[in-house]
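Hi everyone, thanks for making time. I'd like to walk you through one structure today, so please have a look at it before I start talking.

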Amino acid sequence: LRLVPMGLFGAFIGVFADRVPRRSALLAVLFIHAAAVAMIVIADAFGDLQVWQAAVVCFLGGVGWATDHPVRRLLMGQAVGARRMGTATSLDVMGSNASRMAGPALGGVLLATLGPGAAFALALLLYVAAIATASRLRVGTIAEPRRATGVLPELRE
């Protein structure tokens, strides 16, 4: 479910990422993630957590993932400039790979010892931290000038 949105929407989201204020797009995605994860934490707290709810969160996570890639890369370029983009991308990839190793291990420990609510509560805490960090960005606050072409012609190009 996490990979489906990338296949369905990835190319379109990339085109739209060029048309909106990037910081706003990043914040919107982070808020959607935080809200979805908060629903899981609340459902677990009331003893009503069901598999379909986790599936919805996975799908929304996939939409966020498909959106995050183009938006974050464009924001990085604006923040560091073309000359330092290679270093910034390397650090981004390093952080992403480190989280892919540590995240499932930590999530698994929390899941096994404290239950799914604790694992999702940690994710919620990290989303709140990401929202706070993204809110302080000084780049990506203005949309690019409107293009004369539509989304489909630009996608084809």
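So, of the contacts in the protein with a separation of 6 or more, what percentage is accounted for by residues 24 or more positions apart? It's 82%, where contact means heavy atoms within 4.5 Å.

A quick word on what you're looking at. This is a predicted model, where local features need pLDDT of at least 70 and side-chain atom pairs count only at pLDDT 80 or more, while totals for chains, interfaces and linings use all residues. Residues are numbered from 1 along each chain as its sequence is written, and side-chain values use heavy atoms, with hydrogens and water left out.

Okay, the overall picture. The protein has six helices and zero strands, with helices (H or I, at least four residues) and strands (E, at least two) taken as DSSP runs and numbered from the N terminus. Reading from that end, the elements go α-α-α-α-α-α. The C-alpha trace spans about 50 × 30 × 25 Å along its principal axes. Of the 157 residues, 27% count as buried; that's under 20% relative accessible area, with exposed being over 50% and partly exposed in between, using a 1.4 Å probe and protein chains only.

Start with helix 2, residues 22-45. The two pack at an angle of about 155°, and their axes are 9 Å apart. Axes here are lines fitted to C-alpha atoms, for helices over the stretch in contact, and angles run from 0 to 180 degrees between N-to-C directions. Helix 2 and helix 3 are therefore roughly antiparallel, on a scale where angles under 35 degrees count as roughly parallel, over 145 as roughly antiparallel, 65 to 115 as roughly perpendicular and the rest as oblique. Their crossing is left-handed, meaning the near helix is turned anticlockwise from the far one by less than a right angle; clockwise would be right-handed. That contact of helix 2 with helix 3 has 15 nonpolar, six polar and three charged residues. For those classes, Ala, Val, Leu, Ile, Met, Phe, Trp, Tyr, Cys and Pro count as nonpolar, Asp, Glu, Lys and Arg as charged, and the others, Gly among them, as polar.

Next partner: helix 1, residues 4-17. The axes of helix 1 and helix 3 come within 9 Å and cross at roughly 35°, and this crossing is right-handed. On the helix 1 side you'll find, among others, Phe9, Ile13 and Ala17, and on the helix 3 side Phe59, Trp65 and Leu74 are among the residues they meet.

Helix 3 brings residues including Trp65, Arg72 and Arg73, and helix 4 brings, among them, Met85, Asp92 and Arg100. By class, we have five nonpolar, two polar and four charged residues in the contact of helix 3 with helix 4.

Now, the inside. In soluble globular proteins, nonpolar side chains tend to be buried together. The largest nonpolar core here has 10 residues, including Ala17, Leu26, Leu30, Val71 and Ile131. By nonpolar core I mean a set of buried Ala, Val, Leu, Ile, Met, Phe, Trp, Tyr and Cys residues joined through side-chain atoms within 4.5 Å. Helix 2, helix 3 and helix 5 (116-135) each supply at least two residues of this core, and helix 2 gives the most, with five.

Leaving out residues up to four places away in sequence, Leu26 touches Asp68, Val71, Leu75, Ala134 and Leu137.

Leu74 is partly exposed, at 29%. Setting aside neighbours within four places, Leu74 contacts Ala17, Asp18 and Arg22. Asp18 is 56 residues away from Leu74 along the chain, yet their C-alpha atoms are separated by 8.3 Å. Finally, Ala45 of helix 2 is exposed, with 65% relative accessibility.
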